[in-house]
Amino acid sequence: VAVAEPVPGDTEHAATLAAAGPRAQEFVGLAAQHGLEVEFVSDKVGDATARVLLRSILIRGVSAAIVDTLWAAKALKHDAWAYQEILRTFESLSPETARGMLRDTVKNVKPRQIEMMNVSEMLGETEYVSTMSGGIALTYSRLLHSTKVPFSHAP
């Protein structure tokens with residue numbers, strides 16, 4: 001059984017329990033008898049944990065990007081604006097936003113890579129060294145070398 005935290009700030013949902021392994025289906029039934037809701041993932045050991053860790057890449061990555069953006073903004077003396085921009089951005093997010101980000105990133109990978117190079121150059125003029133820009137640049141490099149992105153062409 002793996003425990004996934006709710007999305008940060010989501011006060012309506014408790015942690016999600018997910019079960020995987022040869023007897024996971026049986027466990028789900030037993031848990032239900034005691035009032036616990038557990039999601040059956042698969043019969044393969046490790047699948048529930050894999051889902052939790054994949055979600056961690058997303059949630060912890062977004063959190064780290066926020067922190068890195070604020071640190072960079074402070075170095076450039078735009079931290080108050082950056083904080084408000086982060087809040088504004090999150091207010092507008094939807095599933096369509098994610099689909100659009102996937103499509104646009106794949107379609108515009110070269111200009112985005114150049115943009116990240118500009119970010120690195122601009123931050124090079126400050127004392128701040130971004131913790132995220134190297135990983136972002138590596139992702140764009142993989143895209144340029146034809147690593148396919150799942151669901152990037154989905155409607």
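In which sense, parallel or antiparallel, do β1 and β2 pair? I found that β1 and β2 pair in the antiparallel sense, over 3 bridges; strands count as paired if DSSP finds at least two bridges between them.

I note that this is a predicted model, in which local features need pLDDT of at least 70, side-chain atom pairs count only at pLDDT 80 or more, and totals for chains, interfaces and linings use all residues. Residues are numbered from 1 along each chain as its sequence is written, and side-chain values use heavy atoms, with hydrogens and water left out.

I looked up the elements next. The protein has 6 helices and 3 strands, taken as DSSP runs numbered from the N terminus (helices H or I, at least four residues; strands E, at least two). I read their pattern along the sequence as β-β-α-β-α-α-α-α-α. The radius of gyration, taken over C-alpha atoms, is 20 Å, well over the 15 Å that the globule rule (2.2 Å times the number of residues to the power 0.38) gives for 155 residues, so the protein is more spread out than a compact globule.

I then turned to the sheet. The open sheet has the strand order β1-β2-β3 with mixed pairing, and its edge strands are β1 (2-4) and β3. L17 in β2 is the bridge partner of V3, and L17 also stands opposite V38 in β3.

The chain crosses between them through helix α1 (residues 24-33), in a right-handed β-α-β crossover (with the strands pointing away from the viewer, the path from the first strand over the helix to the second runs clockwise).
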